[in-house]
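Hi,

Here is the structure I promised to pass on. Have a look first, and my notes follow below.

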Amino acid sequence: MDLQTDALEKLREKYPHTLSPVTADAQNLSGIENGVAQAVRQFGTIDIAVHNACLCTFENERDTDYEVYRKVMDINYFGALRLGTVKK
């Protein structure tokens with residue numbers, strides 16, 4: 001699952017029976033749940049799910065707004081927790 005699946009679409013051509021890119025936002029539990037449901041419908045089961053969503057900030061702390069850090073944590077940390085809570 002990702003917001004940008006262009007590169008994954010190219011890989012799907014090579015692995016059509018084992019790869020199915022899903023567009024989902026790590027900040028949105030229902031989007032993650034829908035992505036997991038789509039994968040289960042296509043493959044029957046999920047052996048492993050990897051949270052690979054990442055938002056990075058490269059500015060120093062003094063120049064970075066608090067809301068940027070809040071969004072980083074929402075995507076990078078809480079996104080992984082959201083994925084981990086989905087019933088498969």
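Let's begin with a salt bridge: the side chains of Glu 9 and Arg 12 meet at 2.8 Å, N to O. The term stands for a side-chain nitrogen of Lys or Arg within 4 Å of a carboxyl oxygen of Asp or Glu. These two residues sit 3 apart in helix H1 (residues 6-14), which puts about one helical turn between them. Helices here are DSSP runs (H or I, at least four residues), numbered from the N terminus. Glu 9 is partly exposed at 31% relative accessible area, and Arg 12 is partly exposed at 28%. For those words, buried means under 20%, exposed over 50%, and partly exposed in between (1.4 Å probe, protein chains only).

Before you read on: this is a predicted model, where local features need pLDDT of at least 70 and side-chain atom pairs count only at pLDDT 80 or more, while totals for chains, interfaces and linings use all residues. Residues are numbered from 1 along each chain as its sequence is written, and side-chain values use heavy atoms, with hydrogens and water left out.

The whole structure has 3 salt bridges. Another joins Arg 70 to Glu 67, with the closest N and O atoms 3.4 Å apart; both lie in helix H3, about one turn apart. Arg 70 is partly exposed at 45%, and Glu 67 is also partly exposed, with 45%. Then there is Asp 74 with Arg 82, at 2.4 Å, N to O. Asp 74 counts as buried at 18%, and Arg 82 counts as buried at 18%. Other buried residues of H3 include Val 72, Ile 75 and Gly 79.

What is centred on Phe 78 in H3? A kink of about 40°, where the bend is the angle between axes fitted to the seven residues ending at a residue and the seven starting there. Phe 78 lies in H3, which covers residues 66-85, and is partly exposed at 39%.

Phe 78 also has a ring partner. There is 1 aromatic pair: the rings of Tyr 77 and Phe 78 have centres 4.9 Å apart and planes at 80°, so they are edge-to-face. (Rings of Phe, Tyr and Trp, its six-membered ring, pair with centres within 6.5 Å; planes under 30 degrees apart are stacked, over 60 edge-to-face, the rest tilted.) Tyr 77 is partly exposed, with 43%.
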